[in-house]
Amino acid sequence: MDAPASSGAVGASPLVKRHRFSTRLWHWVSAVAVIVMLMSGLMIFNAHPRLYWGHYGANPDPAWLELPRFPGWATIPSTYDLAGARRWHLAFAWVFGTSLVAYLLWSAVNGHMWRDLLPRARELAPRHLWQDIRDHARLRFPTGEAARRYNVLQKLSYGAVVLLLLPLLVLSGLAMSPAMDAAWPWLVDMFFGRQSARSVHFICASLIGLFILVHLTMVLLAGPSNELRSMITGWYRLPPERAR
């Protein structure tokens with residue numbers, strides 16, 4: 001985020017530069033890649049909609065989770081095509097993985113990670129956390145200068161997704177590849193087996209899907225035009241200060 005720069009009529013809420021170009025670019029590239037990967041992943045899951053722990057898993061084995069097959073409107077391709085789904089999934093996995101590594105490295109270099117995503121000690125105080133939870137539950141979103149920065153719940157959720165779920169998703173996906181046995185055998189062992197890696201991959205993908213739904217809901221409630229403008233152009237109109 002950059003220093004505020006006012007724009008518009010006198011008395012109007014100022015426009016401030018909220019998101020860097022690198023953040024906006026990664027947001028939209030990863031959004032497309034994740035959606036394609038989620039939908040193609042559901043088609044891959046449809047080939048065997050059962051999850052196991054350990055190295056092995058087949059129809060006779062007890063599964064910890066068994067789901068009905070997902071409908072065609074939720075999958076890529078929309079008709080059963082395991083080979084096609086794998087091609088879609090792998091192609092966009094490279095797009096996603098490359099953009100993620102580039103974003104993390106650049107965010108570390110330009111300070112975005114430490115300045116905007118890392119919670120401050122005072123923000124992690126129980127009283128501050130509880131107040132932020134109460135404000136969100138009552139749909140009392142930040143106003144004024146506070147709105148230009150991520151609040152602590154955003155920092156914790158974005159940090160968990162970017163620094164934990166997404167890397168775990170990539171590593172568990174690599175661990176499912178048979179080629180990893182020869183190249184990085186320790187990666188499969190790290191997940192205690194290929195079937196465990198598949199389960200972790202599904203859990204992480206489900207949590208990311210849930211995060212997307214919550215994120216979109218918050219965007220709609222906070223004002224979609226202003227939020228979308230900030231993620232497309234970088235400019236965000238600060239909501240007027242709430243009356244005390």
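Phe-192 is found in the loop between α7 (185-190) and α8 (194-222), where helices (H or I, at least four residues) and strands (E, at least two) are DSSP runs numbered from the N terminus. The phi of Phe-192 is near 60 degrees, a positive value in a residue other than glycine, and Phe-192 counts as exposed because its relative accessibility is 65%; here buried means under 20% relative accessible area, exposed over 50%, and partly exposed in between (1.4 Å probe, protein chains only). The model is predicted, so that local features need pLDDT of at least 70 and side-chain atom pairs count only at pLDDT 80 or more, whereas totals for chains, interfaces and linings use all residues. Residues are numbered from 1 along each chain as its sequence is written, and side-chain values use heavy atoms, with hydrogens and water left out.

Helix α8 has 29 residues and reaches 41 Å from its first C-alpha to its last, close to the 42 Å expected at 1.5 Å a residue, the expected span of a helix being 1.5 Å times one less than its number of residues. Among the buried residues of α8 are Ser-196, Ala-197, Arg-198, His-201, Phe-202, Cys-204, Ala-205, Ile-208 and Val-219. The buried residues of α8 pack against α1, β2 (50-51), β3, α2, α5 and α9 (224-232), with contact taken as heavy atoms within 4.5 Å. Gly-223, which follows α8, has a positive phi near 120 degrees.

Leu-169 lies in helix α5 and is buried, with a relative accessible area of 10%. Leaving aside residues up to four places away in sequence, Leu-169 touches His-201, Cys-204, Ala-205 and Ile-208. The C-alpha atoms of Leu-169 and Arg-198 are separated by 9.7 Å, and the two residues are 29 residues apart along the chain.

Two packed helices are described by the angle between their axes and the distance between the axes. The axes of helix α2 (residues 82-110) and helix α5 (residues 152-175) come within 11 Å and cross at roughly 145 degrees; axes are lines fitted to C-alpha atoms, for helices over the stretch in contact, and angles run from 0 to 180 degrees between N-to-C directions. The contact is made by Phe-96, Leu-100, Tyr-103 and Leu-104 of α2 and by Val-162, Leu-163, Leu-166, Pro-167 and Val-170 of α5. By class, this contact of α2 with α5 has 9 nonpolar, no polar and no charged residues, where Ala, Val, Leu, Ile, Met, Phe, Trp, Tyr, Cys and Pro count as nonpolar, Asp, Glu, Lys and Arg as charged, and the others, Gly among them, as polar.

For helix α4 (residues 126-137) and α5, the axes come within 9 Å and cross at roughly 95 degrees. The helices α4 and α5 are therefore roughly perpendicular to each other, a term applied to angles of 65 to 115 degrees, whereas angles under 35 degrees count as roughly parallel, over 145 as roughly antiparallel and the rest as oblique. His-128, Leu-129, Asp-132, Ile-133 and His-136 of α4 make the contact with Val-152, Leu-153 and Leu-156 of α5, and by class the contact of α4 with α5 has 5 nonpolar, 2 polar and 1 charged residues.

The loops on either side of α4 were also considered. Ala-125 is found in the loop between α3 (112-117) and α4 and counts as partly exposed, at 29% relative accessibility. Ala-125 and Glu-66 are 59 residues apart in sequence and 40 Å apart in space, C-alpha to C-alpha. In the loop between α4 and α5, Leu-139 has a positive phi of about 60 degrees although it is not a glycine, and Leu-139 counts as partly exposed at 43% relative accessibility. Elsewhere, the peptide bond from Ile-76 to Pro-77 is cis, with omega near -10 degrees, and Pro-77 is placed in the loop between β3 (65-66) and α2.

Over the whole chain, the secondary structure comes to 9 helices and 4 strands, and the elements run β-α-β-β-α-α-α-α-α-α-α-α-β from the N terminus on. Of the 244 residues of the chain, 37% count as buried.
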